[in-house]
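This report goes through one protein chain by topic.

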Amino acid sequence: MGDYTEDHQSPLVQCSHSSDEESQELTHRTGTIWTAIAHIITGVMGAGVLSLAWSLAQLGWLFGPPAIIIFAAVTGVSNSILSDCYRSPHPEYGAHRHVSFLQAVRFFLGEKKQRICAVLLNESLFGNDIAYTIATATSIRAILKSNCYHKQGHDADCRYEDNIYMLLFGLVQIVMSQIPNFHDMAWLSVVAAIMSFAYSTIGVGLGFAKVIENGEIMGSIGGVPATSAIDKVWLVFQGLGDIAFAYPYSIILLEIQDTLKSPPSETKTMKKASMSAIIITTFFYMCCGSFGYAAFGNNTPGNILSGFGFYEPYWLVDLANACVVLHLVGGYQIFSQPIFALVETWFSKSYPDSEFVNGFYRLKLPLSEATFHVNLLRLCFRTLYVVTTTGIAMLFPYFNQVLGVLGALNFWSLTIYFPVEMYFVQRKIVCWTTKWVALRTFSLVCFLVSVLAFIGSLQGLISARLR
């Protein structure tokens with residue numbers, strides 16, 4: 001084992017902006033619209049899709065499906081204007097690239113807003129990984145319960161603890177987290193995207209079959225009744241929070257855009273990829289949410305695949321949950337890599353002469369000629385990160401409540417506010433023009449929805465913890 005300095009150790013975040021020539025030296029961009037769609041679907045169609053039937057149950061048939069469509073449209077608008085901020089001064093042919101969300105905020109809005117954004121952005125990425133840890137453990141447990149119910153009957157007492165499966169997921173992520181950076185992960189996104197299609201399709205199929213079996217479409221116009229009007233309000237707000245969690249991916253959009261080759265311009269490719277991915281995900285979201293609610297009505301479980309509305313065929317339920325697990329393994333990395341990149345780049349710049357930070361070692365794998373490059377900072381920090389997310393997930397293992405809080409907390413700030421503000425600067429939009437008023441109104445409405453969803457979801461999380 002010998003030490004060396006890796007030539008291309010730079011992760012996603014390198015500098016506030018870079019020229020085409022400088023950027024090309026940092027990374028080799030080979031991505032296409034298909035890899036971009038795969039990255040997006042991997043990041044979006046994860047834990048969120050599993051809670052949509054429950055969200056529709058809180059909102060009812062009158063407001064549930066329209067809410068999904070509205071959130072899809074909002075996400076599409078937001079990501080379209082954000083993709084224009086990848087290059088400057090021209091959105092398609094500008095000489096400077098802004099290869100991460102945080103860098104773009106600093107360039108367009110200044111260092112003060114960048115610091116605020118950094119806290120929110122990293123909290124969002126961190127929170128997504130906590131949610132994915134909870135969802136993975138729930139799906140692993142569902143596989144065991146499905147087999148137990150099949151063998152012992154649907155009334156059997158099949159109970160399994162979540163914590164051990166969260167720990168196992170954490171161990172897997174410690175290994176997976178040693179992937180150097182986002183540009184090495186196209187294969188992981190493709191596999192994860194296939195898994196998301198698989199379990200979403202199975203969920204739709206099981207829901208449709210259940211509706212046929214029932215012989216009726218269950219549910220109501222107003223959704224699940226509550227013991228009081230205020231409880232109903234909390235549940236509606238929490239349902240909105242869960243939907244808000246299911247869509248946005250603005251925090252990783254510029255990282256994905258930075259993997260694309262050109263020509264055509266990365267902006268054009270990214271807009272097409274975003275639109276395609278949103279259409280695909282919305283179709284599956286509508287099907288999963290609607291068929292799940294139609295199948296179970298007021299008894300719709302919080303997680304459609306692991307809440308045990310479906311018992312048979314047990315092997316299909318097992319397969320769907322196995323696909324969830326495989327998908328979330330990849331999804332966890334999609335959200336954690338930008339944090340790894342940010343922290344490791346900061347340490348690299350702050351301590352350029354440190355062997356611990358910048359030194360790499362060749363580790364020869366047993367019974368093989370292959371070697372593995374080990375960096376001590378990467379090994380220690382990424383391991384600590386996974387341990388922390390796993391520990392918090394074990395402390396708050398409340399799937400729907402956690403998703404609602406995360407969705408509401410980050411929806412307006414990261415998906416709406418910062419992209420809109422950067423777009424104003426990028427396009428030099430003058431105050432009180434038609435476009436300025438329209439985007440300000442758009443931002444204000446989304447802010448109010450986020451506040452209400454956060455209040456309802458936080459109330460649900462606190463109530464679940466105190467039970």
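## Aromatic pairs

Rings of Phe, Tyr and Trp (its six-membered ring) pair if their centres lie within 6.5 Å. The structure is a predicted model. Under that rule, Phe-126, Phe-169, Tyr-332, Phe-340, Phe-381 and Tyr-385 form one aromatic cluster.

Across the whole structure, 20 aromatic pairs are found. In one of them, the ring centres of Trp-61 and Tyr-293 are 4.8 Å apart and the planes stand at 40°, so the pair is tilted. Trp-61 belongs to helix H4 (residues 52–83) and Tyr-293 to helix H11 (residues 266–296), so this pair links distant parts of the chain, 232 residues apart. Trp-61 is partly exposed, with a relative accessible area of 25%, whereas Tyr-293 is buried at 0%. Another pair joins Tyr-417 and Phe-418: the centres are 5.0 Å apart and the planes at 75°, so it is edge-to-face. Tyr-417 and Phe-418 are both buried.

## Fold and burial

The protein chain has 16 helices and six strands. Of its 467 residues, 57% count as buried. Among contacts between residues at least 6 apart in sequence, 82% join residues at least 24 apart.

Helix H6 (residues 111–152) contains 42 residues. From first C-alpha to last, H6 reaches 61 Å, close to the 62 Å expected at 1.5 Å a residue.

## Surface

The accessible surface of the protein chain is about 19700 Å², and carbon and sulfur atoms account for 67% of that area. As a general point, an α-helix has 3.6 residues a turn, so residues three or four places apart point the same way.

## Salt bridges

Side chains of opposite charge can pair when their charged atoms come close. With a cut-off of 4 Å between a side-chain nitrogen of Lys or Arg and a carboxyl oxygen of Asp or Glu, the count is nine salt bridges. One of them joins Arg-159 and Asp-157, at 2.9 Å from N to O. Arg-159 and Asp-157 are both exposed.

Arg-382 and Glu-344 form another salt bridge, with their closest N and O atoms 2.6 Å apart. Arg-382 lies in helix H14 (residues 376–395) and Glu-344 in helix H12 (residues 314–350), so the bridge ties together parts that are 38 residues apart in sequence. Arg-382 is buried, with a relative accessible area of 0%, and Glu-344 also counts as buried, at 9%. A further salt bridge brings together the side chains of Glu-421 and Arg-440, at 2.4 Å from N to O. This pair links distant parts of the chain, 19 residues apart, with Glu-421 in helix H15 (residues 399–427) and Arg-440 in helix H16. Glu-421 counts as buried at 9% relative accessibility, while Arg-440 is partly exposed at 31%. Finally, Asp-84, Lys-271 and Arg-427 are linked in a network of salt bridges.

Definitions and conventions:
Residues numbered from 1 in each chain as written. Predicted model: local features only at pLDDT ≥ 70, side-chain atom pairs only at ≥ 80, totals over all residues. Heavy atoms only, no water. Phe/Tyr/Trp six-rings, centres within 6.5 Å; stacked < 30°, edge-to-face > 60°. Helix = DSSP H or I, 4+ residues; strand = E, 2+ residues; numbered from the N terminus. Buried < 20%, exposed > 50% of the residue type's maximum accessible area, 1.4 Å probe, protein only. Expected span 1.5 Å × (residues − 1). Contact = heavy atoms within 4.5 Å. Areas by Shrake-Rupley, 256 points an atom, 1.4 Å probe, with all protein chains shown as cover.
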